[in-house]
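I opened my notebook beside this chain and went through it step by step. Come and read along.

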Amino acid sequence: MLRVAIHGACGRMGRRLVAIGSADPQVKIVAGLDATAHPDFGQDAGQLAGIGPIGVCVSDTLQVDCDCMIDFSLPEAVPGLLELCVSKKIPVVVATTGLTEATKSQLHEAAKSIPVVWAPSMSLAVNLTMKLTEIAAKALADQDADVEILERHHRFKKDAPSGTALKFGQIVAEAMGQITAVHGRSGC
C-alpha cells in the first residue's frame, strides 16, 4: 500500500487527487496539507473531495509517515514543501505551475537528495504534444516560420501564461533559435 500525502488538498486538483487516490486499492491517502487561511482548512479531505469521510483532516503540518507527497498547490507554497520533503527524505511530485526561478533552482537542488517529478503539465496528451512540437519546430527552423501559442483556461487558472504554454515556448525557442515572446495576458 502506497501512503500518499496531498499538498494543496483543499484546492480543485487536490480534491480530485484525494478522490482518485482513495478509489485505488493500492493507495492510501494519509495526509492532506493546505494553508490555515483556506476556508476549508481542518475538514476531512474525503468530505472535501465529495467521497465521504476518510479520516484525514486537512492540516498545515505533516503528522504521519508517507511514501510520497503530491503537490498541486500555489507557487508560494512550494519552497516550504520542498524543505519539508528534503528534511524528511520524502519523494515529491510537483505539479504546481507559475514557479519563480528561485523555486525552480530549489527543485533542482532537492532532486540531488530526493526523487522529484516536476513538469509544467501532468497530462500525457500535453507531454506527447510537447514532443511533437519539438519535432515540428526543428523541421521549421530554417523555413522563416512564425509560431504562435494560444491557450485557453477556465476562470480559476492562477497563472498566465501558464507553465505549460511557457514550456511550449521554450521548446520552440530552443529548436528554432527564436526567443521573441509577446504575451496577450500575464499575471495571476
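**Entry 1: the whole chain**

I noted at the start that this is a predicted model. I looked up the secondary structure and found 6 helices and 6 strands. Reading along the sequence, I wrote down the pattern β-α-β-α-β-β-α-β-α-β-α-α. For the extent of the chain, I found that the C-alpha trace spans about 60 × 35 × 30 Å along its principal axes. The chain has 188 residues, and buried ones make up 37% of them. I also checked the contacts with a separation of 6 or more, and 65% of these come from residues 24 or more positions apart.

**Entry 2: the order of the sheet**

In what order do the strands of the open sheet stand? I traced 6 strands in the order β3-β2-β1-β4-β5-β6, and the pairing is parallel. At the edges I found β3 and β6 (116-118); each has a single partner strand, so one side of each is left without a neighbour in the sheet. As a reminder to myself, strands of a sheet pair through backbone hydrogen bonds, either parallel or antiparallel.

**Entry 3: strand by strand**

I began with β1, residues 2-7, which pairs with β2, residues 27-33, in the parallel sense over 6 bridges.

Next I looked at β2. How many of its 7 residues are buried? I found that 6 of them are, so I put β2 down as mostly covered. β2 pairs with β3 in the parallel sense over 2 bridges, and there Gly 32 stands opposite Val 58.

Then I moved to β5 (residues 92-94), which 3 bridges join to β6; the two strands run parallel. In this pair, Val 93 stands opposite Val 117 of β6.

**Entry 4: the helices**

With β5 and β6 still in view, I turned to helix α4 (residues 101-110), which packs on the sheet and touches both of these strands. Its direction makes about 145 degrees with that of β6. I then looked at α1, which lies across β1, β2 and β4 and runs at about 155 degrees to β2.

Two packed helices are described by the angle between their axes and the distance between the axes. I looked up both values for α3 (residues 78-88) and α4: the angle is about 10 degrees, and the axes are 10 Å apart. Angles under 35 degrees count as roughly parallel, and that makes α3 roughly parallel to α4. Where they meet, I listed Val 78, Pro 79, Leu 82, Glu 83 and Val 86 from α3, facing Thr 103, Gln 106, Leu 107 and Ala 110 from α4.

**Entry 5: Val 4**

I picked Val 4, which has its place in strand β1. Is Val 4 buried or exposed? Its relative accessible area is 4%, and because buried means under 20%, I wrote Val 4 down as buried. Its bridge partner in β2 is Ile 29. Leaving aside neighbours within four places in sequence, I found Val 4 in contact with Val 27, Lys 28, Ile 29, Val 30, Ala 31, Cys 68 and Ile 70. I also looked up Cys 66, which is 62 residues apart from Val 4 along the chain; their C-alpha atoms are separated by 5.6 Å.

**Entry 6: Ser 59**

My last stop was Ser 59, found in strand β3 (residues 58-59). Ser 59 is buried too, with a relative accessible area of 13%. Which side chain does the side chain of Ser 59 make a polar contact with? I found that of Gln 63, at 3.4 Å. Beyond its neighbours within four places in sequence, Ser 59 is in contact with Gly 32, Leu 33, Asp 34 and Phe 41.

Terms used. Residues are numbered from 1 along each chain as its sequence is written. This is a predicted model: local features need pLDDT of at least 70, side-chain atom pairs count only at pLDDT 80 or more; totals for chains, interfaces and linings use all residues. Side-chain values use heavy atoms; hydrogens and water are left out. Two strands pair if DSSP finds at least two bridges between them. Helices (H or I, at least four residues) and strands (E, at least two) are DSSP runs, numbered from the N terminus. Buried means under 20% relative accessible area, exposed over 50%, partly exposed in between (1.4 Å probe, protein chains only). Contact means heavy atoms within 4.5 Å. A polar contact is a pair of N or O atoms within 3.5 Å; within protein, one must be able to donate a hydrogen and the other to accept it, and residues adjacent in sequence count only if both atoms are side-chain atoms. Axes are lines fitted to C-alpha atoms, for helices over the stretch in contact, and angles run from 0 to 180 degrees between N-to-C directions. Angles under 35 degrees count as roughly parallel, over 145 as roughly antiparallel, 65 to 115 as roughly perpendicular and the rest as oblique.
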